[in-house]
Amino acid sequence: MYKMSAKPMIPAEKIQARVQEIAADINNSYEFDIVLSALTGAFMFTTDLCRAMANFKHRIAFIKASSYGSGMESSGKLKVSGIDGIDIKGKRVLIVDDILDTGRTMYTLVGMLKEAGATEIKTCVLMNKEARRAVDYHADYVGFEIENEFVVGYGLDYDQDYRTLPEIWTLEEV
Ligand code: IMP
Ligand code: MG
């Protein structure tokens, strides 16, 4: 059994302030044609980030990437759907995800986009769990460096729960 930590690990105001900073950083350093968001975890981060970005002449595309069956361990097998219908050839892409954990999701997505003919790819994650990295991959824009803990809220789930919370919480075993 798991329960939420007594206090949020990252309060909503802190997330929102950091989202503004990341958006400003992207505004100053990357012109792109498409935001590619990895559902479901990145849905909340993507909408807040897009509202804060100056670039409003770009497309938003969603793909579904799933590596977690149920529980806290990534299955290691990544399923990606929805990428076929997106016109990626010759485009500059910003991939947005909730968290960089083993790195397999981002590594795989970047490979798929290169294959599909993207001319430039940069990646943005709200959180980075560096200690968990299994493949050599670094995101271009990172919101928060976090410890090796399982986090929920602000889009992230545990067995599909907790996603709608505006803060980031850790889950603790009870
Ligand atoms: P990776 O492929 O191992 O980097 O896993 C990335 C994906 O696993 C993320 O897009 C999340 O959906 C999920 N994930 C990784 N760590 C957590 C966590 O602490 N809480 C909830 N989901 C997580
Ligand atoms: Mg995900």
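A crossing of two helices is called left-handed if the near helix is turned anticlockwise from the far one by less than a right angle, and right-handed if clockwise. In this predicted model, the crossing of α1 and α2 is right-handed.

Some housekeeping. Residues are numbered from 1 along each chain as its sequence is written, and chains are lettered from A and ligands numbered from 1 in the order in which they are written. Local features need pLDDT of at least 70, side-chain atom pairs count only at pLDDT 80 or more, totals for chains, interfaces and linings use all residues, and side-chain values use heavy atoms, with hydrogens and water left out.

Back to the helices, which are DSSP runs of H or I, at least four residues, numbered from the N terminus, with strands being E runs of at least two. The axes of α1 (residues 12-29) and α2 (residues 43-52) come within 9 Å and cross at roughly 55°. Axes are lines fitted to C-alpha atoms, for helices over the stretch in contact, and angles run from 0 to 180 degrees between N-to-C directions.

Now the ligand. Ligand 1 is surrounded by 15 residues, the closest being Asp98, Thr102, Gly103, Thr105 and Val151; a residue counts if one of its heavy atoms lies within 4 Å.

Last, the backbone. Most residues other than glycine have a negative phi, and most peptide bonds are trans. The bond from Leu39 to Thr40 is cis, with omega near 0°, and Thr40 lies in the loop between β2 (34-39) and α2. Asp159 has a positive phi, near 50°, and sits in the loop between β8 (151-152) and β9 (169-173).
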